[in-house]
Amino acid sequence: MADAQTATQAPVVTRREDYREPDWRVPEIALDFDLDPAATRVHATLQVERNGSHDAPLRLAGDGLLALVVRVDGVVAEDWTMDGDDLVVPLSGAAHTIETEVEIAPERNTQLMGLYASGGILCTQCEAEGFRRITFFPDRPDVLSKYKVKMTADKARFPVLLANGDPIAQGDLDGGKHWAEWHDPFPKPSYLFAIVAGDLVANRGSFMTMSGREVQLGIWVRLPDLPKTDHALHALKLSMAWDEKVYGREYDLDVFNIVAVDDFNFGAMENKGLNVFNSRYILADPDTATDYDYDAIAAVVAHEYFHNWSGNRITCRDWFQLSLKEGFTVFRDQSFSADQGSAAVKRIEDVRGLRASQFPEDAGPLAHPVRPDEYIEISNFYTATIYNKGAEVIRMMATILGPEKFRAATDLYFDRFDGTAATCEDFVQSMEQGGGVDLTQFRRWYSQAGTPRVSATLTQEGGRARLTLRQVVPPTPGQPVKEPMVLPLKVKLFGAVTGRALCDEQLVLLKDESHEILFENLPETPVLSINRGFSAPVVVETNRTAKDLAFLSAHDDDPFARYEAMQQLMLDTLVTSVANGTGDHQAVIDAVRNTLTDANLDRAFIAEAVLLPSDSFIGDQMTVVEPEAIFRAREALRQDLGKALATEWRAAYEGSLANRFEYSPAAKGARRLKTVALGYIAASGAADADGLAFDQFRGADNMTDRQGAMTTLVNGASPLREEALEAFYTRYQGNGLVLDKWFQTQALSSREDTLDRVERLAAHPDFTLSNPNRARSLIGAFSVNQRAFHDVSGRGYRFVADQLIALDKLNPQTAAKLLPPLGRWKRFDEGRAAKMRAELERIVATPELSKDMFEQASKSLD
Ligand code: PHE
Ligand code: ZN
């Protein structure tokens, strides 16, 4: 296997500082595919040009390819050699025509990189280094080429043939075959190449761009899925309009196609003019998709569309610059989603996601900067740090510049770097010049890993108050000592008595290790509101009391800060309960009651604000995570909240019932609050709770309500839970995306027997490692279930390690992505830590381990 890596082999490390321009450019390439699942012939014709004066041969990357023939300027060449997987061709002149021919077997491609088969569809995935599994090529993002693509295939099996760019010609051949040719006029790196062949139908639409060009849109799926594509098509049109309005960016081709496939390693891929999607981010109808799915579909459709400018028109010079396109594009899709509904709730969800995935990454063995310095396998760097922390870094620059200057700066960036392969540094310089600011020190956000910690102490002296801020950036692997960062903190003071604002919101730029701010002429005792809107992705510790936090949770005028105050109050309470074995829940109960009964708040916000922090996030606050104690403390608080506010939960539940399904922000908020209330009613132990949940389950006209009720039952002790699970399974047999939910809900259950059940589910006939969504729905979900995964026996660790070792043989990328929870052993007691390490060691010692897994597991052992 091409990327097999045993522990004894020295891993090849790629370093950012070693970047050199390519020796050869390839301004044009023509590809001719004779498509067949078992044996596809790929004939490539490359126009190559020597870049500068050197005598280096042409080196074309391959991965598992065998050159059947190599021609130079039309003549069969004999002097080429293989260096490992690479094809090396000595060339004498400044420009040549190179032809190669290879044969590949898409149906045997289980890695889902390169050309592969998914449910009868042939499709490609090339980012980051999949193109070299299709043909020999300088497979690096700074080699930009114009592509001409011809595909020939059996017409009955593959009636639709798609590629990047515009369709040029097509025709029929003898023997039931047909062909199609597509040209992409925009030079692009090989990772944006795509073709698709299959028995597909399109939901078609069109979009008139701001300069008056009509673009033909198509969402391509298999016929039975066609009714589930309207939401994605609508989201695409909204995205196209949004990018024109907010960034002045217009689409540039006459067609834009999206194809949905069931087997996909990530969410979706922004191939030029031909996005390929994991079907879970396209297919939706009320019966099978939750509100969360609907929102995620719109966000991912927007994300991939926005890449057309932030990623495709301007691409990355090398993979160390990955956050240039990903951080910026996540920021853009987050802003888009915020504009579609409640911006406050969107911000809360994004911060919750950041804390659940990026903060732990930044605090663990796999911590790396937003612009990494080295990697073994680039696929391992499609991380929450590159994507989500990267987006926070862009957001901070947008905050520092303000909206007008930020727009001027992005205009400058798009104008200056259009058509090039750029760097993070290019982006920051555009921000500086377009915004008229100095970001010298701010650049540390790209080079230093670790989540900064800020302590904020407010002390009052008569009518004055002094705010003392201090920052510490913790050490991370390879970076023991850190320099202070630029932290944009939005700050405001409120009067503890009247609740009035005592000053305007201020943007404090904390640049030094410590900093003081004086507030004068304060008419009353101030309460501190800080990091409003989560203006900086940091951990803030304050000297605020439970009373201050309760006050802010009711009176702060920034909705995020209100949410945050409630979370902090809950966290402080829970951390104390874990330490003492028991806790005083009254302050939380009162604050939750206030929020729940506040008629001025919308339901979506209430539902977020009254949710307790997750087990894992509570664990993140502790020096040594105690999964069982955390679980007990959280359950006790849930029960007390359920009982003390029984009337309020009932009112919230009943006030949120709807007559029929509607997809609108208000209806979504009602559904969310309804199921959150149901959870508390169940936690209270109310006699009718299971019946209520089962009625919701049975009567639901949408998946949000149905899955919400099933989750409540699956966490509980009622026999109705088996009935619900069985009914759900029977109803959705054959619908892979919904069966994923069935597996996932059970893997996330808070019940004591979850580990046993998950082990049984791994042997279920519908479980398979070859579909990444299915693997993630069981293994991925289970390993973030803190209580079950960290079962003191260590069986949870063994189970996950066994599965990952098996998955690595099929699909190293997806396996390696699921490893990080096993690597967090330093956060646990010695007994658990030893068991986790033993599994990591077993993984590292596995023969023919992929380099993907080797990198993740060996780094996690350090
Ligand atoms: N570039 C894709 C995105 O973020 C993610 C991706 C990476 C997909 C690698 C497949 C493979 O939009
Ligand atoms: Zn992306």
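**Confidence, ligand shell and helix packing in a predicted complex**

The protein chain of this predicted model has an average pLDDT of 97, and 99% of the residues score at least 70; pLDDT is the predictor's confidence in each residue, from 0 to 100. Over residues 1–8, however, the pLDDT is below 50, and this stretch has 20 contacts in the model beyond near neighbours in sequence. Here, two residues are in contact if their C-beta atoms, placed from the backbone, lie within 7 Å. Where pLDDT is low, the predicted coordinates should not be read in detail. For the complex, the predictor gives an ipTM of 0.99 and a pTM of 0.98.

Residues are numbered from 1 along each chain as its sequence is written, while chains are lettered from A and ligands numbered from 1 in the order in which they are written. Because this is a predicted model, local features need pLDDT of at least 70 and side-chain atom pairs count only at pLDDT 80 or more, whereas totals for chains, interfaces and linings use all residues.

Attention turns to the ligand. The shell around ligand 1 is formed by Gln125, Glu127, Asn265, Phe266, Ala268, Met269, Glu270, His303, Glu304, Glu326 and Tyr382; a residue is near a molecule or strand if its C-beta atom, placed from the backbone, lies within 6 Å of it. At least two residues of this shell come from each of β20 (268–269) and α2 (291–306). Helices (H or I, at least four residues) and strands (E, at least two) are DSSP runs, numbered from the N terminus. By class, the shell holds four nonpolar, three polar and four charged residues, where Ala, Val, Leu, Ile, Met, Phe, Trp, Tyr, Cys and Pro count as nonpolar, Asp, Glu, Lys and Arg as charged, and the others, Gly among them, as polar.

Glu127 of this shell also takes part in a backbone feature: the peptide bond from Glu127 to Ala128 is cis, with omega near -5°. Ala128 sits in the loop between β11 (121–125) and β12 (145–154). Asp73 has a positive phi of about 50° although it is not a glycine, and its place is the loop between β5 (69–72) and β6 (75–76). Most residues other than glycine have a negative phi, and most peptide bonds are trans.

Two helix pairs complete the picture. Helix α11 (residues 586–596) packs against helix α14 (residues 627–644) at an angle of about 50°, with their axes 10 Å apart. That makes α11 oblique to α14, since angles under 35 degrees count as roughly parallel, over 145 as roughly antiparallel, 65 to 115 as roughly perpendicular and the rest as oblique. Axes are lines fitted to C-alpha atoms, for helices over the stretch in contact, and angles run from 0 to 180 degrees between N-to-C directions. In this pair, Val588, Ile589 and Val592 of α11 meet Leu637, Asp640, Leu641 and Ala644 of α14. The contact comprises six nonpolar residues, no polar and one charged.

In the other pair, the axes of helix α16 (residues 665–683) and helix α17 (residues 689–699) come within 9 Å and cross at roughly 150°. The two helices, α16 and α17, are therefore roughly antiparallel to each other. Leu678, Ile681 and Ala682 in α16 meet Ala689, Leu692, Ala693 and Gln696 in α17, a contact with six nonpolar residues, one polar and no charged.
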